[in-house]
Amino acid sequence: MSDNPVPGFRNPDAFEVLPNARLSPTARDVFDILQARQEPCGVVRIRQTDVAKRLDISQAAVSRAVGQLKDKGLLDGRHRQGSVLIHPLFASYESLPHMLNHLSDPETFVWPLNFPTGDIRPPRASDARTDTGFDPNPDPDGGEDAPAPEARPALRLAG
């Protein structure tokens, strides 16, 4: 665990939409570790090897999870090795005024999130046939009854 106290204020509205990001379980675990280890305003100084050791997973798995977090916009992809920056809306702050001052500061870079932030979470599983022209309820003849099959001839055993 970190020796530094974790800042005490987080934006609860941001965490309500976090399930919409559809993070993998590993990415969510990595994000939780980063949340716990951050300095005020979202700077996290930690190596992927330390995260891998803490979660007992490979460094490659941590790297994939960090990539997913960057793709979703939860982490800034422009930081140097050894540190990451959590999105300002998901960062921790000393207080509500500290958060409001940081977010309104013209020097604060607030990049876009790449997942829906609405009130309703998108569906969990998507149909792989979406946008392929596949009609799950085909009705080629406009609802008319299908023709009856032709009668098959009776078969006899040769004997």
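## Packing of two helices

Helix α3, which covers residues 48-55, packs against helix α4, residues 59-72, at an angle of about 110°, and the two axes are 8 Å apart. Helix α3 is therefore roughly perpendicular to α4, because angles of 65 to 115 degrees fall in that class. The model described here is a predicted one.

On the side of α3, the contact is made by Gln-48, Thr-49, Val-51 and Ala-52. Helix α4 contributes Gln-59, Val-62, Ser-63 and Val-66. Sorted by class, the contact of α3 with α4 contains 4 nonpolar and 4 polar residues, and no charged residues.

## The nonpolar core

The largest nonpolar core has 24 residues. Which of them touch the most other members? They are Leu-34, Leu-69, Leu-74 and Phe-90. The elements that supply two or more residues to this core are α1, α2 (25-37), α3 and α4. Helix α2 provides the largest share, with 5 residues.

## The surroundings of Phe-90

Phe-90 is buried, since its relative accessible area is 0% and buried means under 20%. When residues up to four places away in sequence are not counted, Phe-90 touches Ala-14, Phe-15, Val-17, Leu-18, Phe-31, Gln-35, Gln-38, Leu-74, Leu-113 and Phe-115. Among these contacts is Leu-74, which is also listed with Phe-90 among the core residues that touch the most other members.

## Aromatic pairs

A pair of aromatic rings is described by how far apart the centres are and by the angle of the planes. The count for this model comes to 3 aromatic pairs. In one of them, the ring centres of Phe-15 and Phe-90 are 5.4 Å apart and the planes stand at 75°, so the pair is edge-to-face. Phe-15 belongs to helix α1 (residues 12-17), whereas Phe-90 lies in the loop between β3 (83-85) and β4 (92-93); the pair therefore ties together parts that are 75 residues apart in sequence. Phe-15 counts as partly exposed, because its relative accessibility is 24%. Ring pairs also bring in Phe-31, so that Phe-15, Phe-31 and Phe-90 are linked into a cluster.

Phe-109 and Trp-111 form an aromatic pair as well, with 5.6 Å from centre to centre and 35° between the planes, and this pair is tilted. Are its two residues buried or partly exposed? Phe-109 counts as partly exposed at 41% relative accessibility, while Trp-111 is buried, with a relative accessible area of 9%.

Conventions:
Residues are numbered from 1 along each chain as its sequence is written. This is a predicted model: local features need pLDDT of at least 70, side-chain atom pairs count only at pLDDT 80 or more; totals for chains, interfaces and linings use all residues. Side-chain values use heavy atoms; hydrogens and water are left out. Rings of Phe, Tyr and Trp (its six-membered ring) pair if their centres lie within 6.5 Å; planes under 30 degrees apart count as stacked, over 60 as edge-to-face and the rest as tilted. Helices (H or I, at least four residues) and strands (E, at least two) are DSSP runs, numbered from the N terminus. Buried means under 20% relative accessible area, exposed over 50%, partly exposed in between (1.4 Å probe, protein chains only). Axes are lines fitted to C-alpha atoms, for helices over the stretch in contact, and angles run from 0 to 180 degrees between N-to-C directions. Angles under 35 degrees count as roughly parallel, over 145 as roughly antiparallel, 65 to 115 as roughly perpendicular and the rest as oblique. Contact means heavy atoms within 4.5 Å. Ala, Val, Leu, Ile, Met, Phe, Trp, Tyr, Cys and Pro count as nonpolar, Asp, Glu, Lys and Arg as charged, and the others, Gly among them, as polar. A nonpolar core is a set of buried Ala, Val, Leu, Ile, Met, Phe, Trp, Tyr and Cys residues joined through side-chain atoms within 4.5 Å.
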